[in-house]
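Thanks, everyone, for making time this morning.

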Amino acid sequence: MAKRILVVEDEPAIAETITYALSTEGFEPVWKATGREGLAALAAGGADLVILDVMLPDLGGFEVCREIRRSSSVPVIFLTARGAEVDRVVGLELGADDYVPKPFSPRELTARVKAVLRRSEEASPPKTKSVRKAARSAPFEVDAERCAIAYLGRTLALSRYEFKILRVLVERPGWVYSREKLMDMVWSDPGASMERTVDAHIKSIRAKLRAVRAEPDPIVTHRGLGYSLREDWG
Ligand code: CA
């Protein structure tokens, strides 16, 4: 079945170029001109990937991405103004999978779409029901097939990268992972990101864990080294 690609872009000429290029490559593009229409289309029909313009007339692309990440880990590619480093970093921190600076060639964009789809399929973990229980009272349970992690019996609403980071930590309690190592393991293109992106994701994961139980913090920060999952449960 053709992959459904949601294109949220307010400039008709750009949108037309994108949708044409996607159809040529066998994708099923769906074009929406505003953030709200995009969110509505995603809620109604889903998508295999979202191409999201940063500058939109109503909700900005970042706002739309934040909204998407509340409930979905669908891959997101941002379209950004050329050289907008801030956009790139903010986008990745929000859980975007890639960004393409304008102007871009249709060929370049479809190549990125294919790469991100391939990556997200490869990232679908092997068919194991859950990782071995790390400790007697291990409070985490990983459902690899659903890309979900439960903490104290409650499933966490994690973005794709948050899931990947927490999974790495949960699989080896006590092991210290440097930010660099985490980026290598979690981002397929580490050069495109920054260490603070890991920090931002860890911060967001911690907030979600805290919402389940205030203390203790299951993630330990090792100053100058990185992060680990705590071992000494109860
Ligand atoms: Ca725009």
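In this predicted model, the largest nonpolar core is made up of 25 residues, and those with the most contacts inside it are F140, I149, I165, L166, L169, L209 and I219. Two or more residues of this core are given by each of the strands β6 (140-143), β7 (148-151) and β10 (226-229), and likewise by each of the helices α6 (160-171), α7 (179-186) and α8 (195-212). Of these elements, α6 supplies the largest share, with 7 residues.

Let me take L209 as an example: if we leave aside its neighbours within four places in sequence, L209 is in contact with F140, Y151, L156, L166, P218 and I219. Apart from this core lies another one, of 20 residues, which includes L39, I68, F78 and L94.

Now to the metal. Which protein atoms are the donors of the calcium ion? They belong to D10 and D53, each through OD, and to M55 through O, and they lie 2.1 to 2.3 Å from the ion. Written as a sequence pattern, the spacing of these donor residues is D-x42-D-x1-M.

The two aspartates link distant parts of the chain, since D10 sits in the loop between β1 (4-8) and α1 (12-24), whereas D53 is in strand β3 (residues 49-53), 43 residues apart.

Methods. Residues are numbered from 1 along each chain as its sequence is written. This is a predicted model: local features need pLDDT of at least 70, side-chain atom pairs count only at pLDDT 80 or more; totals for chains, interfaces and linings use all residues. Side-chain values use heavy atoms; hydrogens and water are left out. A nonpolar core is a set of buried Ala, Val, Leu, Ile, Met, Phe, Trp, Tyr and Cys residues joined through side-chain atoms within 4.5 Å. Buried means under 20% relative accessible area, exposed over 50%, partly exposed in between (1.4 Å probe, protein chains only). Helices (H or I, at least four residues) and strands (E, at least two) are DSSP runs, numbered from the N terminus. Contact means heavy atoms within 4.5 Å. Donors are N, O and S atoms within 2.8 Å of the metal (3.2 Å for Na, K and Ca); water is not among the atoms, so sites may look incomplete.
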